[in-house]
Structures are given as structure tokens and as C-alpha cells.
Amino acid sequence: MQTIFRTVLVFFVFCCFAISNTGAQTFLERGIAAYNSNDLKQAERWFDWAIEADTTKAEAFLNRATVRRNRRNVEGAYSDFSKVIELEPSNGDAHFMLALTAFQLGKYNESLTGNSTAIELGCSYDSQVYLNRAQTFIQLNKNKEALDDYEAAIKLKDGNLKQAHFDRGQLYMRMNEKKLALEDYKKVVEINPKNLQLTWDIG
């Protein structure tokens with residue numbers, strides 16, 4: 001009798017887990033559909049329910065964080081990205097996004113750590129992580145380290161090449177290194193000749 005009771009109890013627990021997990025996935029999929037339809041308020045509700053059904057579902061936290069950030073709830077996004085990292089410590093993209101929200105909240109040292117971890121683990125944001133970390137270094141008055149990151153971003157020669165040269169030019173201007181700034185601004189014009197305002201400014 002005791003064996004039968006234990007078997008029934010285990011089966012009941014398994015069924016509850018299966019139902020909860022299925023429900024979480026359904027809520028997650030509906031949240032993604034709502035997000036793709038640009039219904040951010042409803043998407044957040046679906047992700048809330050997905051998390052209630054399964055508090056270990058990192059994807060639900062990640063999606064809710066994205067929605068919250070789009071809805072300008074930076075504190076909420078920061079909390080959710082932190083949870084994703086707790087569940088998936090090796091998720092480089094989550095470290096990148098946590099660093100971004102930390103920067104917005106003025107948590108510059110934490111932002112620096114997040115970007116550095118994203119670079120170490122690898123993430124899908126390529127040169128952007130170097131550009132973001134450079135901005136963080138600037139906030140911490142570490143111009144040399146910022147220049148190193150701009151150089152790293154430039155070497156990747158991806159879609160952020162123009163931005164990297166422009167941002168480095170701005171930093172050089174603040175450092176009163178006008179000749180070096182001019183070289184970067186010229187690179188921006190080479191990449192984007194239609195930038196008439198910058199062309200006028202540099203000569």
C-alpha cells in the first residue's frame with residue numbers, strides 16, 4: 001500500500017511539473033507573438049505568466065527584460081537581465097544587456113564588468129560591446145582604456161566602423177587632440193560622404 005502511495009505521489013508531482021512547464025512554454029510563445037505584433041503591454045503580461053509558471057525559464061526573463069527596456073522600465077529590465085545571468089552565467093548577450101542597463105542607471109563599474117565579461121565569453125554584438133565599454137571608461141575618466149576599445153572596434157571593420165571613428169574623434173576633441181580628431185572625422189566622411197554637416201565642420 002505504501003509503495004502504491006509513493007508511486008501515485010511521484011506520478012502526481014511529475015504531472016504537475018509537466019503541466020507547469022507546458023503552460024510556461026505556451027505563455028512564452030504568446031508573449032513573443034504579442035511582442036512581434038508590437039503589443040508590448042500584453043507581451044509583458046504573457047512573460048509574467050510564463051515566469052510564474054516556471055521561475056527557472058531564462059528565456060522568459062530575457063524576453064520580459066527586452067520588453068521592459070522598450071517600455072523604458074530600465075530598473076525592471078536590469079532586474080530581469082540579472083536573473084538571466086543567475087540562471088545562465090555563460091550567456092554573453094545577457095551580460096552585454098545587463099551592462100547596457102547598468103550604464104543607463106549610472107552603475108558604471110558594474111557596466112564595465114558586464115561588458116568585459118561579454119567580451120570574454122563572446123556575444124553577438126561584435127564591435128558594439130567595445131563601443132559601449134569605451135563610453136563606460138570615459139565616464140570613469142579612463143581615456144586611454146577607452147581609446148584602446150575604439151581601436152579594437154575599428155579593427156573589426158563592421159557596421160559600426162563609422163560610429164567608432166566618430167566617437168573616437170569626439171574623445172580626441174575633449175582631450176584637445178584636434179589633429180587626431182580630424183583624422184577620425186575624415187574617416188567618417190570617407191565612409192559616409194553624404195555627411196555634409198561633418199564635411200563642413202572639418203573643412
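**View 1. Packing of helix 8 against helix 9 in the predicted model.** Helix 8 and helix 9 pack with their axes 9 Å apart and at an angle of about 160°, where axes are lines fitted to C-alpha atoms, for helices over the stretch in contact, and angles run from 0 to 180 degrees between N-to-C directions. That angle makes helix 8 roughly antiparallel to helix 9 (angles under 35 degrees count as roughly parallel, over 145 as roughly antiparallel, 65 to 115 as roughly perpendicular and the rest as oblique). Helix 8 passes helix 9 in a left-handed crossing, a term used if the near helix is turned anticlockwise from the far one by less than a right angle, with right-handed used if clockwise. The contact (heavy atoms within 4.5 Å) is made on the side of helix 8 by Asn-143, Ala-146, Leu-147, Tyr-150, Glu-151, Ala-153 and Ile-154, and on the side of helix 9 by Leu-161, Ala-164, His-165, Asp-167, Arg-168, Leu-171 and Tyr-172. By class, this contact of helix 8 with helix 9 has nine nonpolar, two polar and three charged residues; Ala, Val, Leu, Ile, Met, Phe, Trp, Tyr, Cys and Pro count as nonpolar, Asp, Glu, Lys and Arg as charged, and the others, Gly among them, as polar.

This is a predicted model, in which local features need pLDDT of at least 70 and side-chain atom pairs count only at pLDDT 80 or more, while totals for chains, interfaces and linings use all residues. Residues are numbered from 1 along each chain as its sequence is written, and side-chain values use heavy atoms, with hydrogens and water left out.

**View 2. Packing of helix 9 against helix 10.** The axes of helix 9 (residues 161-174) and helix 10 (residues 178-191) come within 8 Å and cross at roughly 160°, which makes helix 9 roughly antiparallel to helix 10. The crossing in which helix 9 passes helix 10 is left-handed. Helix 9 contributes Leu-161, Lys-162, His-165, Phe-166, Arg-168, Gly-169, Gln-170, Tyr-172 and Met-173 to the contact, and helix 10 contributes Lys-178, Leu-180, Ala-181, Asp-184, Tyr-185, Lys-187, Val-188 and Ile-191. The residues of this contact of helix 9 with helix 10 divide into nine nonpolar, three polar and five charged.

**View 3. Packing of helix 7 against helix 8, with Thr-136 of helix 7.** Helix 7 and helix 8 pack at an angle of about 170°, with their axes 8 Å apart, and are therefore roughly antiparallel to each other. Their crossing is left-handed, and the contact is made by Tyr-130, Leu-131, Arg-133, Ala-134, Gln-135, Phe-137 and Ile-138 of helix 7 and by Asn-143, Glu-145, Ala-146, Asp-149, Tyr-150, Ala-152, Ala-153 and Leu-156 of helix 8. Ten nonpolar, two polar and three charged residues make up this contact of helix 7 with helix 8. Thr-136, which lies in helix 7, is buried, with a relative accessible area of 0% (buried means under 20% relative accessible area, exposed over 50%, partly exposed in between, with a 1.4 Å probe and protein chains only). Not counting residues up to four places away in sequence, Thr-136 touches Phe-103, Tyr-108, Ser-111, Leu-112 and Asn-115.

**View 4. Surroundings of Ser-127.** Ser-127 has its place in the loop between helix 6 (108-121) and helix 7 (128-139), and at 0% relative accessibility Ser-127 counts as buried. The side chains of Ser-127 and Asp-158 are joined by a polar contact of 2.8 Å (a pair of N or O atoms within 3.5 Å; within protein, one must be able to donate a hydrogen and the other to accept it, and residues adjacent in sequence count only if both atoms are side-chain atoms). Leaving aside residues up to four places away in sequence, Ser-127 touches Ala-153, Leu-156, Asp-158 and Asn-160.

View 5. Most residues other than glycine have a negative phi.

View 6. Residues up to four places away in sequence not being counted, Ala-60 touches Leu-28, Phe-47, Ala-50 and Ile-51. The C-alpha atoms of Ala-60 and Gln-25, which are 35 residues apart along the chain, are separated by 8.8 Å.

Technical notes: Helices (H or I, at least four residues) and strands (E, at least two) are DSSP runs, numbered from the N terminus.
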